[in-house]
Amino acid sequence: MSDIKDVLVPDLGEDEVEVIELCVAPGDSVDAEDALVTVESDKASMDVPAPFAGTVKELCVSVGDKIKQSDLLAKLEVAGDGAAEAPAEQEKPAAEEAPAAEESAAAEEKSTDDETPSSEQSSGGSETIEVTVPDIGDSAEVDVIEILVSAGDTVEAEDGLITLETDKATMDVPSPQAGKVVEVKVKEGDKVSEGSLVLLLEVAGSGSADSAPAESAPAAESGAEEPASEEPGAEEEIEVTVPDIGDASDVDVIDILVSEGDKVAVEDGLITLETDKATMDVPSPKEGVVTKLLVKSGDKVSKGDKVCMLKVAGAAKPASQPAPPKQESKPETAASKPAEPKKAPVPHHPSAGSKPKTGKVHASPSVRRVAREFGVDLTEVHGSGPKNRILKEDVQAYVKEELSRPRTAPAAAGGSGGGLQVLAQPKVDFAKFGEIEEKPLTRIQKISGPNLHRNWVTIPHVTQFEEADITDLEAFRKEQNALAEKRKLGIKITPLVFMLKAAADALRAYPIFNTSLGESGDTLIQKKYIHIGIAVDTPGGLVVPVVRDVDKKGIHALSEELMEISKKARDGKLKAADMQGSCFTISSLGGIGGTAFTPIVNAPDVAILGVSKSDMKPKWNGKEFEPRLTVPLSLSYDHRVIDGAVAARFAVHLKSVLEDLRQLIL
C-alpha cells in the first residue's frame, strides 16, 4: 500500500529564491535528504532535500521559477504506514496493563544510574567544548554551504566539520581535536564570521588522565615499572601542517610570524600565506613551543605541507594500554579500501559516440557552481565521494579528460565555427641567435596577464579621445598646496584627486557607466555607490586598489587616502578587500609621458579612463592664441553596454568639469 504526499519548500532563509536546477525527474526513487532541486539566492546556492524516502510522482516547479517557503515543490509516493499502525495499537493496551512493570524498570534504571557515575568518571572522563569559526582572512558573513557531520558522529583532529564559501574560494572548518559531535549549531545557508559558534564537541577531558595512575597503582605494587613518558604532563612533538585553504595550491609564504623557541597559544598565527586574492595566517592547532621551522619566506606550500614542529603537553596514557592494538588494526582495515589508486582518465574518442550519463546527481552547491562555470553536465560525471557523491576533484578530472580528447579538424575559413581559430605561438630557440637570460614572471604579472587577456578578447572595446584645458585647475592646485604647506597639514594635492572628483560627477550624470553586466548577460547591475579603482605601478607589477565613496569625500580626505593606498601598494601590503568593488577605473600615465593610449576595461567595470601627460598648447581665445595647459583623456568602454554617443557625452562632461571646478558644487 502506498501514499502520495506533498513536499513543501522549507525555510531557506530568503523571502524568494530561484530554481536553477532540477536534480530528479518523475519516476526517480529518492532517499531522505537526497537533493530534489537546487535553488539560488543573491548570495548562495543550496539544495532542497527530500524530507522522506519515496518515488517522485510529479515535480511542481521548473528551472527559472521563483519559490518561497511553503510552496508546493513535488509529490512523492511513499510506502503506506498501515502495517506500522497495527503494532502501535497492540502496544497501547499492553503499555496500559503494565504500569507496575514500568515502575519496577524505572526503579532498576535509577539504581543502575546511582551505581555508574563513579565508574564513568574513572574510566572515561570527558568535557564538551565549543568549536568556532577560525580566522578566515578578510571575509565576513561567509555562507555555510555544506554540513559535513551530524550529532553523534566521531571526528578526528583536522577533520572537516562544515564547508564555507567566500566570493573566491571554498574552505572547510576543521575540528580542533578528536571527539564526538554533541550538537551542530549551524545549518546550510547560514552566514557566519570569525568566532561564530559551529558545534559542541565532546572530547577526552582530564578525568581519563587522572584515572590512569589510579588504575596502574596495583601494577606498580606488583613490581611492574611504568615508563617515564606515560606520566601526566609528558611532552610530545607534533607536526603542524597547512590546513585546507580552499582551491589554492602552491601558495606563497610571505611572512614567518614565529621563531624557533617561541611559545605560542592555540590559534596564534605561525606563517602568513598569500593567494591570488587574499592573505591568511596559518594558526597553531595547540599551545606549545616551536622547536623547528620547516618553511621560509618565499616558499610555496599547499594543503598538508609541513610548517613547523611544535612541542606540546602530551596526554597521560593508561598502564595497560589496550587501545593501541585497536587503533592500529582499525586504520589498517580502513586504509585498505582508499589505498587503491584512482584510474587515470582515458580520453573518450569522438567516434565512440556520446558518453553514457550517470543519471541522478549527488553534488554540493559549490560543486554545482564550479560545474556551471566550466559548462559541465554533471550527469556525465562519475562521483568518487560517499554514495557516489560528485566532488570538485571529479569535475576537474572530467574537464582534464575532455581537454585531452582528440580534436576534430577546425572548421574551414568562412565556416560556421564560432571559435577563435588562433594559431599557436611558434616555438623559437632564442639561444641560437645570441646570449639570453630567462627570468620568471612576477606574481602580479602571472595573475593580471590572464585577466587582461580575457578582458581584451571578450569585451568589445571602443576608445573615445578628448582633451581638457586644466590651466585654471593647476593654478588652483598649486595655490592650495602652498596653503597646506603653510598650515602644515601634511598633505599634497595631486591632479589625480581632481580626476577622481570629476569622474564621480560624470558617473552620477551618466549612471550607465556605473553598471556591470549580469552573469547571464541579459541584465545590468546598477550600482548606487561610487567606488573608483586607481592603477598603481609597483616594483612587482600593476595593481588596482579601490577608493570608496569618492562622491562623499573632499579633496583633502581623498589626498590622504591616495597617499596611504599608494604606499600600501608599493610595500605589497594591499589585501584582497582593498582591490574589490570598483565601479570605474582611472589609469594615469601623466607622470611618465605619452599623448594617448587605449586602456583595457577592467571587468566587471564597463569603462576605464586613461590620462596622459599634460602639455602646453596654443588655444584661440577669440582674439589671439594663448598658451594653455591641456591634458589628453582616453576613455575605453564596453560597447555591449555603452553606445558611442553616450560615451562622447560622458567625455565632454568630464572635460567641462576639469576646466571649471565650480561645476562640482552645482
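This tour goes from the inside of the structure to its surface, one selection at a time. Keep in mind that you are looking at a predicted model.

**Stop 1: the largest nonpolar core**

Start by selecting Phe513, Ile532, Ile534, Phe584, Ile586 and Leu633. These residues have the most contacts inside the largest nonpolar core, which has 47 residues. Now colour the elements that each supply at least two residues of this core: helix 10 (495–509), helix 11 (555–570) and helix 12 (644–659), together with strand 28 (532–534), strand 32 (584–588), strand 33 (607–611) and strand 35 (625–638). Which helix gives the most to this core? Helix 10 does, with 10 residues.

Next, centre the view on Phe584. Setting aside neighbours within four places in sequence, its contacts include Ala503, Leu507, Ile532, Leu609, Leu635 and Phe650.

**Stop 2: a cis peptide bond**

Move to Ala603 and Pro604. The peptide bond between them is cis, and its omega is near 10 degrees. You will find Pro604 in the loop that runs between strand 32 and strand 33. For background, most peptide bonds are trans.

**Stop 3: salt bridges**

Side chains of opposite charge can pair when their charged atoms come close. How many salt bridges are there in this model? The count comes to 25. Here are some to select.

- Lys568 and Asp578: their closest N and O atoms are 3.3 Å apart. Because Lys568 sits in helix 11 and Asp578 in the loop between helix 11 and strand 32, this pair ties together parts 10 residues apart in sequence. Lys568 is partly exposed at 32% relative accessibility, and Asp578 is partly exposed at 23%.
- Glu659 and Lys655: here the closest N and O atoms are 2.9 Å apart. Both residues lie in helix 12, 4 residues apart, or about one turn of the helix.
- Arg662 and Asp660: these side chains meet in a salt bridge of 2.9 Å, N to O. Arg662 is exposed, with 60% relative accessibility, whereas Asp660 is partly exposed at 24%.
- Glu21, Asp47 and Arg368: select the three together, as they are linked in a network of salt bridges.

**Stop 4: a buried charged residue**

Select Asp143, in strand 10 (residues 142–147). Is Asp143 buried or exposed? Its relative accessibility is 8%, so Asp143 counts as buried. Show the side chain of Lys191 as well, and you can see the polar contact it makes with the side chain of Asp143, at 2.6 Å.

**Stop 5**

Phe433 belongs to the loop between helix 7 (392–404) and helix 8 (443–458). With 62% relative accessibility, Phe433 counts as exposed.

**Stop 6: two positive phi values**

Most residues other than glycine have a negative phi. Glu267 has a positive phi, near 75 degrees, and sits in the loop between strand 19 (263–264) and strand 20 (269–274). Glu267 is partly exposed, at 44% relative accessibility. Asp549 has a phi near 50 degrees, also a positive value. Look for Asp549 in the loop between strand 31 (546–547) and helix 11, where it is partly exposed at 27%.

Conventions: Residues numbered from 1 in each chain as written. Predicted model: local features only at pLDDT ≥ 70, side-chain atom pairs only at ≥ 80, totals over all residues. Heavy atoms only, no water. Core = buried A, V, L, I, M, F, W, Y, C linked by side-chain atoms within 4.5 Å. Buried < 20%, exposed > 50% of the residue type's maximum accessible area, 1.4 Å probe, protein only. Contact = heavy atoms within 4.5 Å. Polar contact = N/O pair within 3.5 Å; in protein donor to acceptor, adjacent residues only side chain to side chain. Salt bridge = Lys/Arg side-chain N within 4 Å of Asp/Glu carboxyl O.
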